[in-house]
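Please read the following briefing alongside the sequence and the structure.

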Amino acid sequence: MPTPSTLISETDLQNRIDEIAGEINRDYADSDLLICVGVLKGSVFFMVDLLKRVTAPVAVDFFQTASYGGAKVPGEVRIRKDLDLSIRGRDVLLIEDIVDTGYTLRTILDLLRFRGAKSVKLCALLDKVEAREVEVPIDYRGFPIENVFVVGYGLDYDERYRNLPYIGVLEEEQ
Ligand code: PRP
């Protein structure tokens with residue numbers, strides 16, 4: 001398999017994560033318990049690095065989603081793994097590797113609010129701005145990126161490349 005070219009280096013990722021963690025630490029300094037929710041599988045690498053820098057008390061939980069038939073279409077995001085924890089009355093921070101069309105995050109954000117979270121914010125490492133089809137407010141954003149196919153640091157191509165420590169691009173001819 002080809003080696004993806006570097007879009008965002010490991011150093012740039014880690015420096016930006018330092019900054020985001022600083023913002024989160026300021027914003028949630030008084031939170032009783034922040035429920036940090038990752039969306040499997042892509043968010044895991046980012047979530048681990050981010051939460052190691054968060055000093056507020058946190059609990060960790062996960063969603064896993066899928067789209068019916070594999071294609072992302074409005075209203076067809078399916079929950080494959082639901083949360084274990086109750087979020088009623090809690091501050092919730094949703095952590096994602098990438099917001100693309102926005103359907104996945106829109107669905108999850110609506111569900112978290114419906115379940116009575118005290119507050120819900122979204123932290124996304126990558127924002128593929130031009131691909132957006134539904135509006136999703138990103139409270140903590142790592143990097144805006146072009147409409148290119150990215151891999152690494154949690155993101156996959158056919159389940160490969162998730163463990164790259166940087167964000168890479170697979171060139172079209174590859
Ligand atoms: C990716 C990503 C988000 C979603 C964003 O997950 O981690 O969950 O797609 O896309 P959207 O904005 O178009 O809804 P994916 O479904 O590829 O699963 P994975 O994290 O297991 O790779």
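Met1 lies in the segment that comes before strand 1 (5-8), in what is a predicted model. Met1 is exposed, with a relative accessible area of 61%, and together with Phe149 and Tyr157 it makes a nonpolar surface patch of about 350 Å².

**Nonpolar cores**

- The largest nonpolar core has 29 residues, and those with the most contacts inside it are Ile24, Leu50, Leu93, Ile95, Leu126 and Ile167.
- Two or more residues of this core are given by each of several elements, among them helix 1 (10-27), helix 2 (44-51), strand 5 (91-99) and strand 9 (167-169), and the largest share, five residues, comes from helix 1.
- Apart from its neighbours within four places in sequence, Ile167 is in contact with residues that include Leu7, Leu13, Leu126, Val151 and Leu155.
- A second, separate core has 18 residues, including Val37, Phe63, Leu94 and Leu105.
- The buried residues of helix 2 are Phe46, Met47, Asp49, Leu50 and Leu51, and the buried residues of this helix pack against helix 1, strand 2, strand 3, strand 5 and strand 6.

- Asp61, which lies in strand 3 (residues 58-67), counts as buried because its relative accessibility is 4%, under the cut-off of 20%.
- The side chain of Asp61 reaches the backbone nitrogen of Leu85 at 2.7 Å, and a polar atom of that side chain lies 2.8 Å from the backbone nitrogen of Asp84.
- Leaving out residues up to four places away in sequence, Asp61 also touches others, including Cys36, Val37, Gly38, Met47 and Lys81.

**Salt bridges**

- Side chains of opposite charge can pair when their charged atoms come close, and the structure holds 16 salt bridges.
- Lys81 and Asp84 meet through their side chains in a salt bridge (3.6 Å, N to O), in which Lys81 is partly exposed at a relative accessible area of 24%, whereas Asp84 counts as exposed at 64%.
- Arg115 forms a salt bridge with Asp82, with the closest N and O atoms 2.7 Å apart; this pair links distant parts of the chain, since Arg115 is in the loop between helix 3 (103-114) and strand 6 while Asp82, 33 residues apart, is in the loop between strand 4 (77-81) and strand 5.
- Arg162, which is buried with a relative accessible area of 15%, meets Asp156 in a salt bridge between side chains (3.5 Å, N to O), and Asp156 counts as partly exposed at 23%.
- A network of salt bridges links Lys41, Asp156, Glu159 and Arg162.

Conventions: Residues numbered from 1 in each chain as written. Predicted model: local features only at pLDDT ≥ 70, side-chain atom pairs only at ≥ 80, totals over all residues. Heavy atoms only, no water. Patch = residues over 30% accessible without salt bridge, like charges linked within 9 Å, V, L, I, M, F, W, Y side chains within 5 Å. Areas by Shrake-Rupley, 256 points an atom, 1.4 Å probe, with all protein chains shown as cover. Salt bridge = Lys/Arg side-chain N within 4 Å of Asp/Glu carboxyl O. Helix = DSSP H or I, 4+ residues; strand = E, 2+ residues; numbered from the N terminus. Buried < 20%, exposed > 50% of the residue type's maximum accessible area, 1.4 Å probe, protein only. Core = buried A, V, L, I, M, F, W, Y, C linked by side-chain atoms within 4.5 Å. Contact = heavy atoms within 4.5 Å. Polar contact = N/O pair within 3.5 Å; in protein donor to acceptor, adjacent residues only side chain to side chain.
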